[in-house]
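Me: I've got a structure open and I'd like to learn how to read helix packing. Can you walk me through it?

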Amino acid sequence: MELTPVSSPAQPEPRQAARLDQLRQQAEAFEAVFLGLMLEQAGLGASRESFGGGAGEAVFSSMLAEQQAQAMVAQGGLGLATPIYNALRAAEGLDD
């Protein structure tokens with residue numbers, strides 16, 4: 001008698017697991033972009049008269065907002081990544 005392995009629904013196939021990881025990263029990247037825009041609108045990195053402003057300062061202030069947003073997402077962010085991830089999974093038919 002030959003036994004065939006049964007895959008557990010708790011452990012997705014390697015290909016599916018890789019896709020789920022990719023979807024999670026995309027959801028987190030989206031939340032980071034959103035947070036970065038919100039931080040810029042809130043004035044994070046806004047030019048101060050004491051530094052003189054200029055094009056270089058504008059570039060670095062946007063980089064500051066981007067890095068701050070990524071750090072916020074790594075610490076849990078606003079919680080947007082999880083519902084976005086779930087919606088992406090459902091759209092691709094990868095729900096459990």
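Reply: Start with how α1 passes α2: the crossing is right-handed. Keep in mind that this is a predicted model.

Me: What angle do α1 and α2 pack at, and how far apart are their axes?

Reply: Two packed helices are described by the angle between their axes and the distance between the axes. Here, α1 and helix α2 (residues 55–74) pack at about 130 degrees, with axes 8 Å apart.

Me: Which residues of α1 and α2 meet?

Reply: From α1 you'll find E28, E31, A32, L35, G36, L39 and E40, and they meet S62, A65, Q68, A69, Q70, M72 and V73 in α2. Sorted by class, this contact has seven nonpolar, four polar and three charged residues.

Me: Okay, now α1 and α3. At what angle do their axes cross?

Reply: Helix α1 (residues 14–42) and helix α3 (residues 81–91) cross at roughly 135 degrees, their axes coming within 8 Å. So α1 is oblique to α3. The crossing of this pair is right-handed. On the α1 side, the contact includes L20, L23 and R24, while the α3 side includes Y85, L88 and R89. The contact's residues divide into eight nonpolar, two polar and four charged.

Me: Where does R24 lie relative to Y85?

Reply: R24 lies over the face of the Y85 ring, 4.1 Å from the ring centre.

Me: And how many aromatic pairs are there?

Reply: A pair of aromatic rings is described by the distance of the centres and the angle of the planes. With centres required to lie within 6.5 Å, the count here is zero aromatic pairs.

Key: Residues numbered from 1 in each chain as written. Predicted model: local features only at pLDDT ≥ 70, side-chain atom pairs only at ≥ 80, totals over all residues. Heavy atoms only, no water. Phe/Tyr/Trp six-rings, centres within 6.5 Å; stacked < 30°, edge-to-face > 60°. Lys NZ or Arg CZ within 6 Å of the ring centre and 35° of its normal. Axes fitted to C-alpha atoms, helices over the stretch in contact; angles between N-to-C directions. Helix = DSSP H or I, 4+ residues; strand = E, 2+ residues; numbered from the N terminus. Parallel < 35°, antiparallel > 145°, perpendicular 65-115°, else oblique. Left-handed = near helix turned anticlockwise from the far one by under 90°. Contact = heavy atoms within 4.5 Å. Nonpolar A, V, L, I, M, F, W, Y, C, P; charged D, E, K, R; others polar.
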